[in-house]
Amino acid sequence: DGAKKSGLLDHGVTSLSWSRRSRTLLAGSLGNPEVKLIDTTHPYGPEECCAAIQLDENKDGDDDNNNNNQRSQSPTPFSPQKSKTPSSDTSFAKNTVTDHFKKSVTLQTKIIDAKTGLDIPPVRKFKQRTVSPANKSSTRRYPSVLFKFPLGIGASLQVHPRDPFSGHAILNDGSLVVFSVPPTGFEEPEKKDEDEEGKPPPVVSICKVFSSTDYEVTCSAFDPHGEKLYAGTSDGKLMGFEVATVFNQFRSESEEIPCLQPNFVIQIPGGAAAWHVVVSRNGRYVVVNSADAALRLYEAAECWTTPEEVEKPRYVFQDVVSKIKFASVDISCDGEYVAGGAQGNDTKYTVFIWSTNTGNLIDKLTGATVDLYSLAWHPTRCYLAVAASDGLVDIWGPRINWTAFAPDFQALPQNVEYVECEDEFDIVKSQSHPKPQKREEDEAEQAEVDILTVEPVPVFQSDSEDEDDVFRFDVVTRALGNNNIS
């Protein structure tokens, strides 16, 4: 109730995280302890995804207000009662072999206390688990599950890259927690007789693996393999954790979970609070978006091998003129470019693109007169997606140099209406047609070309004048299934 009165639960859906290959989608709201994990392989999974991020319709009927600000209403907070489910005659239901459930299921949580001083050997690799998709399952399954954290979530909520049913979150108290949802939580519970004791209901395991009075974690991100975790603090520090052991213990349903200790702690110059931490898809770079309107690029290998020598980042990206703060940041698929989105001083959003090799500003994109919420690079192509406040997603792509096709081409800042002249396309027959002069043919073109004779290449010719005298090994082949040599 106190959270509702303070307005913490009025943010709508603020965190979305896809798992590897888009198997699951994790949705959460800032300050709300309840999160939803959606199975996209479920026949009704796509409808659950739409229900999780849909917008409220303006019920007042004020069309002028809608035109001025199409996203004035906050996104609808998800709930199992309010989520829209498809009717029985949808295309999803027609292709369904099993009569799956259409509504979410709420799972209970089990809080596991992390222990210090556990003698568990650290592992470097994460063990993957494979779960059959819902559209190939013979048991009835739920499209999504709901569970709650002990406190409201903060700025970070992410699915594990290699495990679609695990992940981590940052709570409001600055602590780092990990969770694991059992795959059986999506399945229909087994019916048991009165005299028969069935299996205990599945529960979601949650463990607070890092909490310190010295560090208040504000943001975090997995590396591409999910074996390492980067975190930023409110006092401007970048930390790294090895989390493969923790998730492997979770997978084995063990309650012997060790407390995490940072493998390195690097002080960010200026000491400004870290807002976002982004890791490149090849795991080479780490970008920290700080509150001092600067993006700092770090080499991941240097942070893990020689953290004491990392006194400053490799490059610092910022707009030195306006000093605007960046709302979102992302790294290109090949790790060659960093894009930072900010709200310009002229009410138009701006996207800056820098090179990770030179640190130079490559391009500056100016968008529409709307607020920029988030941006993301395409996983494999050079496209940028920008989510704006008007409810639209702008797609930016590479510019085309039309002068390569037409040297006299001139780019126009905007479309111009072309006025056709009266006789511009009239066909006029000329009085005289001069005959073209006969071109003299070259003698070389008239010469016959021999395309049948194959001339030997001097490099591969033998020194012997008679090719029959050249020594060579006889060709020996072995027939399959027969030891005779022919």
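This is a predicted model: local features need pLDDT of at least 70, side-chain atom pairs count only at pLDDT 80 or more; totals for chains, interfaces and linings use all residues.
Helices (H or I, at least four residues) and strands (E, at least two) are DSSP runs, numbered from the N terminus. Residues are numbered from 1 along each chain as its sequence is written, and side-chain values use heavy atoms, with hydrogens and water left out.

**Around Ala-294**
- Ala-294 has a relative accessible area of 2%, so it counts as buried (under 20%; exposed is over 50%, partly exposed in between; 1.4 Å probe, protein chains only).
- Beyond its neighbours within four places in sequence, Ala-294 is in contact with residues including Val-316, Phe-317 and Phe-326; contact means heavy atoms within 4.5 Å.
- A distance of 7.2 Å separates the C-alpha atoms of Ala-294 and Lys-325, which are 31 residues apart along the chain.

**Aromatic rings**
- The whole structure holds 14 aromatic pairs; rings of Phe, Tyr and Trp (its six-membered ring) pair if their centres lie within 6.5 Å, and planes under 30 degrees apart count as stacked, over 60 as edge-to-face and the rest as tilted.
- Phe-326 and Trp-354 form an edge-to-face pair, because their ring planes stand at 75°, with centres 5.8 Å apart.
- Phe-326 is in strand β19 (residues 326–331) and Trp-354 in strand β21 (residues 349–355), so their pair ties together parts 28 residues apart in sequence.
- Both Phe-326 and Trp-354 are buried.
- Ring pairs join Tyr-315, Phe-317, Phe-326, Phe-352 and Trp-354 into a cluster.

**A charge over a ring**
- The charged end of Lys-228 sits over the ring of Trp-304, 4.5 Å from its centre; this requires NZ of Lys or CZ of Arg within 6 Å of the ring centre and within 35 degrees of the ring normal.
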